[in-house]
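Here's a quick look at how this protein is packed inside and how its parts meet. Have the viewer open as you read.

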Amino acid sequence: MSDTRILVIGACGQVGTELVEELAKRHGNERVIASDIRETANFDVEYVQLDVLDREATRKVMIDHNVTEVYQLAALLSATAEKNPEFGWKLNMDGLFSVLDLAKEGLIKKIFWPSSIAVFGPTTPRENTPQNTVIEPTTVYGISKFAGERWCEYYHNRWGVDVRSVRYPGLIGYKSLPGGGTTDYAVDIFHQALKTQTYECFLGPETSLPMMYMSDAVKATIDIMHAPAADIKIRSSYNLSAMSFNPAEIAREIQKHIPDFSISYEPDFRQAIADNWPASINDAEARSHWGWAHSYDLAKLVADMLENLKKQINVSA
Ligand code: AKB
């Protein structure tokens, strides 16, 4: 633990922002380095500008900072990648190889790389989707995550690379905005509920999707990285679950706090993406192999989101 030096790539994104904060709390600011493609960013830990597609620059950051563990979060999410499939594939695959190859060389000891429920497709059982099932993704994001999972397992089996992964559901947090996913509505809805008491949703009312509060997602990410290697029996990616809801259900929960809130529906191209994803996930393996347990259900999530966003609005007003 004492020589641990952690690099978070894609630190300015929705997960990265909160993950850096939590890693710094646990390991100390001096052991965590945040990086992203942006020139500058506001972190309590050291920040380095890095394009993960630049392999030489990535290698140099690892060497210069004696990095031992990497969280590689840089990616194009489902909706954005559909608009630019070529770059989605490039960033999502080459960004992963950039760090897998450095671990293969022995330069870094451990990698976290997130996969997603987007690996599943229309032929997958929609309810209580098991760990091992039919996987035929239809989006470039899903295809890249599924290919990435196979490569993670391959690098582990062939070269002993210690790479760990979970399939994130839709993630909801108040500290940063999501960037281009199909589940983004479940964050936008809170901002609009507080600002205008109305929300026009880009998914239909009955579109149930697996979701998770950000503090649970950060906990899962750190827990899987801290688990003994022998407990990580799946080296592709673990199913991970907390709750499932649809836009009508989250709207009703928000109305318990903001009775005047109303929602309308104008489905766009993201509806077809959501329709091909599972409604609920079975994560029995993550729970039994490395002790995963979530804390937030829908009622707790909505109460916490509204309380914290209200505080932010009051501070900035
Ligand atoms: C997205 O909607 O693209 C992401 C995901 C489920 O991976 N939030």
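## Buried cysteines

C201 is buried, at a relative accessible area of 1%, where buried means under 20% with a 1.4 Å probe and protein chains only. C152 counts as buried too, at 1% relative accessibility. As for disulfides (cysteine sulfur pairs within 2.5 Å), searching the whole structure turns up 0.

This is a predicted model, so local features need pLDDT of at least 70 and side-chain atom pairs count only at pLDDT 80 or more, while totals for chains, interfaces and linings use all residues. Numbering runs from 1 along each chain as its sequence is written, and side-chain values use heavy atoms, with hydrogens and water left out.

## Two domains

The protein splits into domain 1 (6-170 + 212-239) and domain 2 (177-210 + 242-279 + 296-316), with bounds from an automatic or database domain assignment. Their C-alpha centres are 25 Å apart.

Across the boundary, 23 residues of domain 1 are in contact (heavy atoms within 4.5 Å) with 25 residues of domain 2.

## The cores

The largest nonpolar core has 70 residues, and Y185, F190 and I250 have the most contacts inside it. Such a core is a set of buried Ala, Val, Leu, Ile, Met, Phe, Trp, Tyr and Cys residues joined through side-chain atoms within 4.5 Å. Both domain 1 and domain 2 give residues to this core, so it lies between them.

Leaving out residues up to four places away in sequence, F190 touches I172, I250, I254, L301, V302, M305, L306 and L309. Another core, of 37 residues, lies apart from the largest one and includes L23, L171, A220 and A242.

Conventions:
Buried < 20%, exposed > 50% of the residue type's maximum accessible area, 1.4 Å probe, protein only.
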